[in-house]
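Here's a quick briefing on the fold you're about to look at. Have the viewer open and follow along as we go from the sheet to the core and then to a few single residues.

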Amino acid sequence: VRLESTAVNRCRNEYVNAIVVHTREVHVAEIPPPRSSSAHPTPQLEDEESLLRALDEAIEKTSGDTYRFSLMLLELEKADSLRESFGPDVEQGVTNEVSRRLNALLRPGDKLARLKNQFAILLDGVGDRAMAERIASRIQKTVGNRFSIKGQDVMSGAVVGIATS
(Lines give C-alpha, C1' and ligand atoms only; values in the text may rest on other atoms or scores of the structure.)
Protein backbone atom coordinates (compact mmCIF):
# COMPACT_ATOMS: atom_id res chain seq x y z
CA VAL A 1 0.00 0.00 0.00
CA ARG A 2 1.22 3.49 -0.91
CA LEU A 3 -0.20 6.93 -0.28
CA GLU A 4 -1.34 9.37 -2.93
CA SER A 5 -1.60 13.04 -1.96
CA THR A 6 -2.98 16.08 -3.68
CA ALA A 7 -2.12 19.54 -2.35
CA VAL A 8 -3.68 22.84 -3.34
CA ASN A 9 -2.26 26.14 -2.16
CA ARG A 10 -5.13 28.24 -0.78
CA CYS A 11 -2.97 30.49 1.44
CA ARG A 12 -4.07 33.62 -0.39
CA ASN A 13 -7.77 32.73 -0.15
CA GLU A 14 -9.46 34.81 2.54
CA TYR A 15 -11.81 31.97 3.54
CA VAL A 16 -9.37 29.04 3.59
CA ASN A 17 -5.89 30.52 4.23
CA ALA A 18 -4.21 27.10 4.21
CA ILE A 19 -2.64 24.50 2.02
CA VAL A 20 -5.30 21.84 1.53
CA VAL A 21 -3.86 18.31 1.36
CA HIS A 22 -5.88 15.19 0.56
CA THR A 23 -4.16 11.83 1.14
CA ARG A 24 -5.51 8.35 0.46
CA GLU A 25 -4.20 4.79 0.39
CA VAL A 26 -3.54 3.28 -3.03
CA HIS A 27 -2.60 -0.35 -3.59
CA VAL A 28 0.70 -0.55 -5.48
CA ALA A 29 -0.74 -2.54 -8.41
CA GLU A 30 -3.40 0.12 -8.97
CA ILE A 31 -1.40 3.34 -8.76
CA PRO A 32 -2.51 5.59 -11.61
CA PRO A 33 -0.04 7.62 -13.65
CA PRO A 34 0.86 11.02 -12.16
CA ARG A 35 -1.78 13.69 -12.63
CA SER A 36 -0.88 16.79 -14.54
CA SER A 37 -2.19 19.98 -13.01
CA SER A 38 -3.69 21.10 -16.33
CA ALA A 39 -5.82 17.95 -16.57
CA HIS A 40 -7.58 18.75 -13.29
CA PRO A 41 -8.51 22.41 -13.14
CA THR A 42 -9.94 24.11 -10.08
CA PRO A 43 -13.60 23.10 -9.72
CA GLN A 44 -16.14 25.39 -11.35
CA LEU A 45 -19.92 25.39 -11.17
CA GLU A 46 -21.18 22.48 -13.28
CA ASP A 47 -24.65 22.00 -14.67
CA GLU A 48 -26.84 19.08 -13.59
CA GLU A 49 -26.05 17.01 -16.69
CA SER A 50 -22.27 17.34 -16.18
CA LEU A 51 -22.60 16.37 -12.54
CA LEU A 52 -24.64 13.29 -13.41
CA ARG A 53 -21.99 12.24 -15.95
CA ALA A 54 -19.26 12.69 -13.33
CA LEU A 55 -21.34 10.71 -10.81
CA ASP A 56 -21.80 7.89 -13.34
CA GLU A 57 -18.03 7.84 -13.93
CA ALA A 58 -17.37 7.76 -10.17
CA ILE A 59 -19.78 4.86 -9.73
CA GLU A 60 -18.04 2.97 -12.55
CA LYS A 61 -14.64 3.52 -10.89
CA THR A 62 -15.91 1.92 -7.67
CA SER A 63 -16.09 -1.48 -9.38
CA GLY A 64 -12.49 -1.94 -8.19
CA ASP A 65 -11.74 -2.12 -4.49
CA THR A 66 -9.71 1.08 -4.14
CA TYR A 67 -11.69 4.05 -5.48
CA ARG A 68 -14.30 5.73 -3.31
CA PHE A 69 -16.17 9.02 -3.46
CA SER A 70 -18.69 11.08 -1.52
CA LEU A 71 -21.65 13.10 -2.70
CA MET A 72 -22.88 16.04 -0.66
CA LEU A 73 -26.05 18.06 -1.06
CA LEU A 74 -25.91 21.51 0.48
CA GLU A 75 -28.96 23.63 1.06
CA LEU A 76 -28.83 27.18 2.36
CA GLU A 77 -31.00 27.87 5.36
CA LYS A 78 -33.46 30.72 4.82
CA ALA A 79 -32.90 30.49 1.06
CA ASP A 80 -36.64 30.82 0.40
CA SER A 81 -36.84 34.11 2.25
CA LEU A 82 -33.87 35.72 0.46
CA ARG A 83 -35.87 36.65 -2.63
CA GLU A 84 -38.83 37.87 -0.57
CA SER A 85 -36.72 39.90 1.87
CA PHE A 86 -33.99 41.28 -0.37
CA GLY A 87 -35.05 40.72 -3.98
CA PRO A 88 -33.69 38.56 -6.81
CA ASP A 89 -30.40 40.50 -7.19
CA VAL A 90 -29.35 39.78 -3.60
CA GLU A 91 -30.53 36.17 -3.90
CA GLN A 92 -28.36 35.73 -7.02
CA GLY A 93 -25.46 37.50 -5.30
CA VAL A 94 -25.63 35.07 -2.37
CA THR A 95 -25.70 32.12 -4.79
CA ASN A 96 -22.64 33.48 -6.60
CA GLU A 97 -20.77 34.07 -3.33
CA VAL A 98 -21.59 30.57 -2.05
CA SER A 99 -20.31 29.14 -5.36
CA ARG A 100 -17.10 31.13 -5.01
CA ARG A 101 -16.56 30.04 -1.40
CA LEU A 102 -17.23 26.40 -2.22
CA ASN A 103 -14.83 26.51 -5.18
CA ALA A 104 -12.13 27.80 -2.84
CA LEU A 105 -12.55 24.74 -0.59
CA LEU A 106 -12.65 22.03 -3.23
CA ARG A 107 -9.72 20.14 -4.74
CA PRO A 108 -8.90 19.50 -8.38
CA GLY A 109 -11.08 16.60 -9.52
CA ASP A 110 -14.00 17.53 -7.25
CA LYS A 111 -17.24 18.67 -8.90
CA LEU A 112 -19.62 21.41 -7.81
CA ALA A 113 -23.07 21.87 -9.35
CA ARG A 114 -26.13 24.00 -8.72
CA LEU A 115 -29.36 21.98 -8.61
CA LYS A 116 -32.37 24.31 -8.31
CA ASN A 117 -32.07 25.52 -4.70
CA GLN A 118 -29.24 23.19 -3.64
CA PHE A 119 -25.57 22.68 -4.38
CA ALA A 120 -24.20 19.21 -5.11
CA ILE A 121 -20.56 18.41 -4.39
CA LEU A 122 -18.86 15.27 -5.69
CA LEU A 123 -15.69 14.62 -3.66
CA ASP A 124 -13.27 12.66 -5.83
CA GLY A 125 -11.50 9.88 -3.89
CA VAL A 126 -13.14 10.67 -0.53
CA GLY A 127 -14.97 7.53 0.59
CA ASP A 128 -14.18 7.83 4.29
CA ARG A 129 -17.30 8.98 6.14
CA ALA A 130 -15.33 10.76 8.89
CA MET A 131 -13.31 12.73 6.34
CA ALA A 132 -16.46 13.65 4.43
CA GLU A 133 -18.01 14.89 7.69
CA ARG A 134 -14.93 17.04 8.43
CA ILE A 135 -15.18 18.53 4.94
CA ALA A 136 -18.92 19.16 5.44
CA SER A 137 -18.22 20.90 8.75
CA ARG A 138 -15.65 23.16 7.10
CA ILE A 139 -18.10 23.89 4.28
CA GLN A 140 -20.82 24.83 6.79
CA LYS A 141 -18.46 27.22 8.61
CA THR A 142 -17.31 28.84 5.38
CA VAL A 143 -20.72 29.14 3.73
CA GLY A 144 -22.53 30.02 6.96
CA ASN A 145 -20.79 33.35 7.40
CA ARG A 146 -22.14 36.82 6.74
CA PHE A 147 -22.62 37.93 3.14
CA SER A 148 -22.53 41.56 2.11
CA ILE A 149 -24.40 41.70 -1.20
CA LYS A 150 -25.55 44.91 -2.90
CA GLY A 151 -25.30 46.80 0.39
CA GLN A 152 -27.32 44.19 2.30
CA ASP A 153 -25.87 42.09 5.13
CA VAL A 154 -27.24 38.58 4.86
CA MET A 155 -26.67 35.68 7.27
CA SER A 156 -27.36 32.14 6.22
CA GLY A 157 -26.37 28.73 7.50
CA ALA A 158 -26.14 25.56 5.48
CA VAL A 159 -27.45 22.04 5.89
CA VAL A 160 -25.29 19.32 4.33
CA GLY A 161 -26.33 15.75 3.54
CA ILE A 162 -23.60 13.19 2.80
CA ALA A 163 -23.59 9.87 0.93
CA THR A 164 -20.36 7.87 0.66
CA SER A 165 -19.62 5.07 -1.78
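H3 lies across E3, E4, E5 and E6 and runs at about 10° to E6. Helix and strand labels are DSSP runs (H or I, at least four residues, for helices; E, at least two, for strands), numbered from the N terminus. Directions are lines fitted to C-alpha atoms, for helices over the stretch in contact, and angles run from 0 to 180 degrees between N-to-C directions.

Keep in mind that this is a predicted model: local features need pLDDT of at least 70 and side-chain atom pairs count only at pLDDT 80 or more, while totals for chains, interfaces and linings use all residues. Residues are numbered from 1 along each chain as its sequence is written, and side-chain values use heavy atoms, with hydrogens and water left out.

**Overall layout**

- The protein has four helices and nine strands, and along the sequence they follow the pattern β-β-β-α-β-α-α-β-β-α-β-β-β.
- Of the 165 residues, 39% are buried, where buried means under 20% relative accessible area, exposed means over 50%, and partly exposed is in between (1.4 Å probe, protein chains only).
- Among contacts (heavy atoms within 4.5 Å) with a separation of 6 or more, 66% link residues 24 or more positions apart.

- Five strands make an open sheet in the order E3-E5-E6-E4-E9, with mixed pairing; two strands pair if DSSP finds at least two bridges between them.
- The edges are strand E3 (45-46) and E9, each of which pairs on one side only.
- E3 runs parallel to strand E5 (residues 111-115), and two bridges join them: Leu45 partners Leu112, and Glu46 partners Ala113.
- E5 and E6 are antiparallel and share five bridges; Ala113 has Ala120 as its bridge partner in E6.
- E5 and E6 also form a hairpin with two residues between them, and Lys116 in the turn has a positive phi of about 50°.
- Helix H1 (residues 48-61) packs on the sheet too, touching E3, E4, E5 and E6, and its direction makes about 30° with that of E6.

**The cores**

- The largest nonpolar core has 25 residues, and Met72, Leu74, Val94, Val98, Leu102, Ile121 and Ile139 have the most contacts inside it. A nonpolar core here is a set of buried Ala, Val, Leu, Ile, Met, Phe, Trp, Tyr and Cys residues joined through side-chain atoms within 4.5 Å.
- Elements giving two or more residues to this core are strand E4 (69-76), helix H3 (88-105), strand E6 (118-124), helix H4 (129-143), strand E7 (146-149) and strand E9 (158-164). The largest share, five residues, comes from H3.
- Apart from this core lies another one of ten residues, among them Leu51, Ala54, Tyr67 and Ala120.
- Ile139 is in contact with Met72, Leu74, Leu102, Leu105, Ile121 and Gly144, leaving aside neighbours within four places in sequence.

**H3 against H4**

- The axes of H3 and H4 come within 10 Å and cross at roughly 145°.
- Val98, Arg101, Leu102 and Leu105 in H3 meet Arg138, Ile139, Thr142 and Val143 in H4.

- Thr95 sits in helix H3 and is buried, with a relative accessible area of 11%. Not counting residues up to four places away in sequence, Thr95 touches Arg114 and Phe119.
- Ala132 lies in helix H4 and counts as buried at 0% relative accessibility. Beyond its neighbours within four places in sequence, Ala132 is in contact with Ser70, Met72, Val126, Ile162 and Thr164. The C-alpha atoms of Ala132 and Phe69 are separated by 9.2 Å, with the two residues 63 apart along the chain.
- Lys61, in helix H1, is partly exposed, with a relative accessible area of 44%. Lys61 touches Tyr67 and Asp124, not counting residues up to four places away in sequence. Lys61 and Gly125 are 64 residues apart in sequence and 10.0 Å apart in space, C-alpha to C-alpha.
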